[in-house]
There are 4 protein chains.
Amino acid sequence: MKFSVSGALSYEVKAASTFILNIHALRTPAQAVLEETFKLDPYFKSEELAWPGENRYVRFEVTEPAYLNINYHAIVDTSVKLTPADQLVDTPVIELDATTLHYLSPSRYCQSDKLFRFAHSKFGKIDNAFEKVLALTDWIYENVEYLSGSTNSQTSAYDTVAEQAGVCRDFAHLGIALCRALDIPARYFTGYAFQLNPPDFHACFEAYIGHEWILFDATRLVPLNGIVKIATGRDAADAAIGTIFGDVRCTFVSASCQLADKDFEPYYYKGDNIQGLTYL
Amino acid sequence: MKFSVSGALSYEVKAASTFILNIHALRTPAQAVLEETFKLDPYFKSEELAWPGENRYVRFEVTEPAYLNINYHAIVDTSVKLTPADQLVDTPVIELDATTLHYLSPSRYCQSDKLFRFAHSKFGKIDNAFEKVLALTDWIYENVEYLSGSTNSQTSAYDTVAEQAGVCRDFAHLGIALCRALDIPARYFTGYAFQLNPPDFHACFEAYIGHEWILFDATRLVPLNGIVKIATGRDAADAAIGTIFGDVRCTFVSASCQLADKDFEPYYYKGDNIQGLTYL
Amino acid sequence: MKFSVSGALSYEVKAASTFILNIHALRTPAQAVLEETFKLDPYFKSEELAWPGENRYVRFEVTEPAYLNINYHAIVDTSVKLTPADQLVDTPVIELDATTLHYLSPSRYCQSDKLFRFAHSKFGKIDNAFEKVLALTDWIYENVEYLSGSTNSQTSAYDTVAEQAGVCRDFAHLGIALCRALDIPARYFTGYAFQLNPPDFHACFEAYIGHEWILFDATRLVPLNGIVKIATGRDAADAAIGTIFGDVRCTFVSASCQLADKDFEPYYYKGDNIQGLTYL
Amino acid sequence: MKFSVSGALSYEVKAASTFILNIHALRTPAQAVLEETFKLDPYFKSEELAWPGENRYVRFEVTEPAYLNINYHAIVDTSVKLTPADQLVDTPVIELDATTLHYLSPSRYCQSDKLFRFAHSKFGKIDNAFEKVLALTDWIYENVEYLSGSTNSQTSAYDTVAEQAGVCRDFAHLGIALCRALDIPARYFTGYAFQLNPPDFHACFEAYIGHEWILFDATRLVPLNGIVKIATGRDAADAAIGTIFGDVRCTFVSASCQLADKDFEPYYYKGDNIQGLTYL
């Protein structure tokens, strides 16, 4: 499926600063970046910190005070894989490889160690991992209010479970924390999302089930197959849109994702015969 | 109903210290203290900080290192009042008197301000205050595990809603916080409790409904009419069994409550025609 | 000393709501309210919940959606008492009366129990209570940045000690928590403050030393003798400017305090021979 | 330098469980493991999840209830590198490689984002990174009390900065959080430590300065050059001694580190001409 994505960010840079952005569409075997432009105005030399299959961080130094405008645009061809639920068999901890095991540990915004009892009492008795994650995603959708501005960059899953309001980032963090508390590896996922309204960068999460990273989105704001993947990480600390070192104020953020193809068939987890969706 | 109650506390006092204990049975028009002994071994002069209807704090100074044993015993005649649910009409904030209004404010262990959304989304639509508090008490009983040693003196309602384990004190704090978040005044209640197993000091809470302080106990560990009241307060910070200033280690705590009457008919909130129970 | 004080508040009331305001100048033997007007536009009937020497809460019901403007104005004659430091002898816990003891307990925004070690390691060795509170007030001034908008209504002393930014409310909460951790009773104090820039309602705190409630202000923003007292309480939960039950949005707040006398001699704690200042 | 190290752990395994241990001495170019035994009693098959230079996790499944005893023993030859302070030049963020950048992000126990102001106000003006980390390590040593049992597995740097007590793990977490808040990459470091009293597994931290991972230990409990390295990670979530999935109770932990060489010259950061110490 082809999408045309754009991201725009503006900053007031008050003194020399270093930026690390993570807004480039990922290049993977299943996600081809057909065209791409990245512009800094005024111009500063930037470098990409990346290797195949991993997040594409772009780093640059703004050497003097400036009003900086950043524009990213790409045409991306994505594909997703659907796996029938009965093939999504639980992967016991004993079979996880070392890389995946890391996604069982608590992280800054996903304190799974503090939500152990909560997760087990609510979802522990559900039969298998896929059903568990569907159930906890539903629980988040039904119990947490999507409310712009209700949280900030310090808000964590532990807060969200009690305060029950947040944005996509908070929904994702809570989903991840609950998965990990249930011994299901889970990671943060950012992207450009089709039909997201109002348009913005989006965050959801993946859980590792049946040797696949299956996508889940407790916000239900967008079709699961309408996302252009930017990055994954333990939580927003790893995959922030922008990490900035210096005296800088963000003045504008926007993101959009348009269909550049015909015949998009939106896919959600609903009805019978739900299949798990994977971005490879 | 007559009860024979006892409390025993031991402390290793390492340096001169001041103690404030709150273990004396309250004297009220509805609770007569028929006999009472209070012993400090070794002996130190103590004074009672009290006035009718309020908590009976006992204060004394241990002027040198000591192994201190405290024993309290009383025979108490209690009575409770039952009010039919249909008379427990909601009291709007506009009608509360100044003293009662204080029990709407958040306190150290009952951060009702942070549980506003949680309380309203779970219990906000229930018809009236009495039903709301019954429902939230049930919710606590069903969702929080009673687990000795799982919490400490810093644990608050905000923790308990996420961690879902605690002791009677934590159950009470969460009940209070949820009531206040729903604009129902609520306060902490301590006592000697009949049939509590293992025997210990007990804590539960009261909510102000229909101009009565109605008792609730989310632990369901004891009959509601089997308690000898010690104290009320905003939370455990006001009604701690012992508040100690100095280098002191508690080495032993026990409490018991035996029936000194015949024919005790245990009362719980269950079945139809629930009536609200009040300790006057 | 005579001051002319004003407070103005505007609210968008979206549905029937109950307000409790605490903006009236306190009437005490040492603070005479010479003239006073309080206006609600549109008009709603209000009542004062008060008794001599205690906070003057005003309560009213707004029975329908409205844009509500509240104006308070008063001419107040205040007096303060200065006590030489050598008379401010420490009051041991054993001598405090029951009312004052409450101000040793931790409260919603002042978790003195969690700052015990911090308080003792920093200030525990200082000779006497007055010097301790001066020292901790200085420490707050030097270590916490006064930064509008850096905190919110949920911020507590425990946050401020780590995050080191806040407004007058946060400075006061931290001062109170540290005093209580050091066994010095302390309470929250609100008022109209002369020379506060920008003008607003002000908060500071009192510590109980030498049988007096001595005023301290870690913000150093105003002269200690330039305040018209509104209220005291355990923390901001007891003495909020406005406590509102209902769907209401605050759209405007202002407060001012002008000298209505000549010859004001500002008083601060500085130099030698510091005397403790009390509002009776 | 040769050391003989031992670790012993006992567990009561109540139901089938999976263990991941991280107690094996690391194998690096500068740390040779000369002899090594690892025993499970009763025996279960285990596998090592590792690759050169990274932590050596050992995983195994205990398939039925058991009293499990784990013993590890090794003879290890370590070497350290000393770099004169004047060569430890600051590495700006623009020059860090992608792997190192991760150690600037906040993590579960090291919420550097919440300690930004604290770190900058206390240490921000110090000239260079090495001096900064020496100063913050001193600050931790002087302000945090080493107190066994004062913290638990949920305690984080944010708590420690306010509560000011902890064990080696907490000292390390606070050091790491402060470094990251100052834009200095930092990571958690575990090992067997010579002269640690009482003997136990030890934790300290490394900061990335002058393109070296320099070791720091705010506890000052052991010579910096007396450690046999086990693991590094973002914080204790990555490098826990044991991570256990199942119903298991730890009943015993011990660790020891004896000199197997002569002529050990203990090295600490003190006096003039401090050189940074690195475990390669």
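This is a predicted model: local features need pLDDT of at least 70, side-chain atom pairs count only at pLDDT 80 or more; totals for chains, interfaces and linings use all residues.

Guide: Residues are numbered from 1 along each chain as its sequence is written, chains are lettered from A and ligands numbered from 1 in the order in which they are written, and side-chain values use heavy atoms, leaving out hydrogens and water.

Visitor: By what turn can chain A be laid on chain B?

Guide: Copies are superposed by least squares on the C-alpha atoms of residues with pLDDT of at least 70 in both. The RMSD is 0.0 Å and the shift along the axis 0.0 Å, for a turn of 180°. The two copies are thus related as by a two-fold rotation axis.

Visitor: In chain A, which C-alpha is nearest the axis?

Guide: The distance to the axis is 3.1 Å. The residue in question is A:Ala162.

Visitor: Why is the pair of D:Phe3 and D:Phe194 tilted?

Guide: Rings of Phe, Tyr and Trp (its six-membered ring) pair if their centres lie within 6.5 Å; planes under 30 degrees apart count as stacked, over 60 as edge-to-face and the rest as tilted. Here the centres are 5.8 Å apart, and the pair is tilted because the planes stand at 50°.

Visitor: Which residue has its charged end over the ring of C:Tyr103?

Guide: A charge sits over a ring if NZ of Lys or CZ of Arg is within 6 Å of the ring centre and within 35 degrees of the ring normal. The charged end lies 5.8 Å from the centre of C:Tyr103 and belongs to C:Arg187.
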